[in-house]
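Could you have a look at this one with me? My notes follow, point by point.

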Amino acid sequence: MNKPWSIRASTMSRNTQNLIRNIVEKIQVKPNPNKNFIPLSIGDPTAFGNLTPPEELLQAVRNSLDENESRCYGLTNGALVARQAVAEYYAHQGQVSADDVILCNGCAQALDLAITVLAEPGQNILVPRPGYMLYRTIAEGLGIVIKHYNLLPEKNWEVDLKNLEDQIDDKTAALIVLNPSNPCGSVYTKEHLRDILRISAKHRLPIIADEIYEKFVIFDNKFTSLASISKDVPILVCSGLTKGFLVPGWRMGWLVIHDRQDIFSKDIRDGLRNLTGRLLGPNKLIQMALSKTLTTVPQSFFDSVMSFIESQAKLAYKELSHAPGLRPILPQGAMYMMIEIKMSMFPVFRDELEFIERMYSEQSILCIPGQCFDFPNFMRIVLTVPEHILREACARIQQFCRDHIMQENNIN
Ligand SMILES: *Cc1c(COP(=O)(O)O)cnc(C)c1O
């Protein structure tokens, strides 16, 4: 008798979960067939085709296609010319060299490298709540524990510093700071970032700075890179072309090591280099277009994208302020808006997920429930959809709220 087949997915794979997929893809209801579907859920600025990458980038990739070099394997941490280009691009944030740059398969891989090199299984990392769920997806598979620190909606989503400090224990390996924030749309002031650095320095905690939205600031807010103001705390900055240059599908990201006091030393650098050997480096076609792109795309490209997002933020904020039972929070950057759903005014719904499901089935609008960011009673919308679609979506959300808000004569 042969031994029967018995193949099981590994523990690591089973422990790797994506909250948005788990929650949103399990929604059973269908959109209203009489209304066109508007996904305000997709965090991809290119999804609707109204925002397109800079011509300089497209041309650089066309040129890259014809070069033999773009077809060859490169170094696992990225081609030298491309790493040099990234180092020069960030020169204004403090001296870094090509040796401090690792090119990655999107910002996601940069985060994966940073978390993997800094934390052992059983240790913990501190992540913002509400915050981007990928940190958890990466960490939990590796057996690294996630601990949340709170952000304060009434203070433009600043970090609750006391709460942050309370989370730190002797198993804490790193602090993740996300600025500008997905889903909050917040942009931190220099002073606030200094407060975070002070706590980090006091507890000797390295920082992983997710700055993928570095180009995304609106109104009079200013982006400050954490690395540009850190005198001692060592920082791994994770960013890339994805959001700012409007090419998420091209999977080009990077990790930049900022470590003025050489605290990471050779150990962490070697560790990072070892880890890049798992994927043999990112897409070389795009790597070979980096230098041209980072030196020639004009500021006016980013300004025009930001002025669009700013006007969308104003529009959605104004329209949704008129929706009974909702409280939108005006963003300062990124490309999202968080909206509080005053659940006590919608007693027909069990929680915000049910609110979102019903809105999907009646109005064909899909938003991301706060649960996906460990922050119930809120929902996130994206601001990058075309203006007429955003307008239509806001009108339908208003209608939905009017249809379901608790009527006064029902209060008893
Ligand atoms: C989109 C996003 C990423 C992932 O970026 P990729 O370059 O597509 O891997 C990382 N962090 C945040 C906060 C994001 O919103």
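**Notes on the model**

1. R204 is not a glycine, yet its phi is positive, about 55°. For background, most residues other than glycine have a negative phi, and most peptide bonds are trans.

2. Before going on, some ground rules. This is a predicted model, where local features need pLDDT of at least 70 and side-chain atom pairs count only at pLDDT 80 or more, while totals for chains, interfaces and linings use all residues. Numbering runs from 1 along each chain as its sequence is written, and side-chain values use heavy atoms, with hydrogens and water left out.

3. Have a look at the loop between strand 6 (172-178) and helix 8 (190-202), which is where P180 is placed. The peptide bond from N179 to P180 is cis, with omega near -15°. P183 is in the loop between strand 6 and helix 8 too, and the bond joining N182 and P183 is also cis, with omega about 15°.

4. Now the ligand. It is surrounded by 13 residues, and C107, D210, Y213, T242 and K243 are the closest; a residue is near if one of its heavy atoms lies within 4 Å. By class, this shell has seven nonpolar, three polar and three charged residues (Ala, Val, Leu, Ile, Met, Phe, Trp, Tyr, Cys and Pro count as nonpolar, Asp, Glu, Lys and Arg as charged, and the others, Gly among them, as polar). Helix 5 (residues 106-118) gives the most to the shell, with four residues.

5. Which atoms are worth checking by eye? A ligand nitrogen is 2.7 Å from an N or O atom in the side chain of D210, and a ligand oxygen is 2.7 Å from an N or O atom in the side chain of R251. At A108, a polar backbone atom is 2.8 Å from an oxygen of the ligand. The protein covers 94% of the 390 Å² of accessible area that the ligand has on its own (Shrake-Rupley method, 1.4 Å probe).

6. The ligand's space is the largest pocket. On a 1 Å grid over the protein atoms alone, a pocket is an open set of points with protein on both sides within 12 Å along at least five of seven lines, and a cavity is a set where a 1.4 Å probe fits but cannot get out; lining residues have an atom within 4 Å of a point. A molecule sits in one if more than half of its atoms lie within 2 Å of its grid points.

7. The volume of this pocket is about 720 Å³, taken as the space filled by probe spheres set on grid points joined across faces, edges and corners. Its lining has 31 residues, with N18, G43, Y132, M133 and K243 nearest the centre. Helix 5 has the largest share of that lining, four residues.

8. The largest cavity holds about 70 Å³, and its lining includes L19, Y132, M133, H148 and D374. Strand 3 (124-129) and helix 6 are the elements giving two or more residues to that lining.

Key:
Polar contact = N/O pair within 3.5 Å; in protein donor to acceptor, adjacent residues only side chain to side chain.
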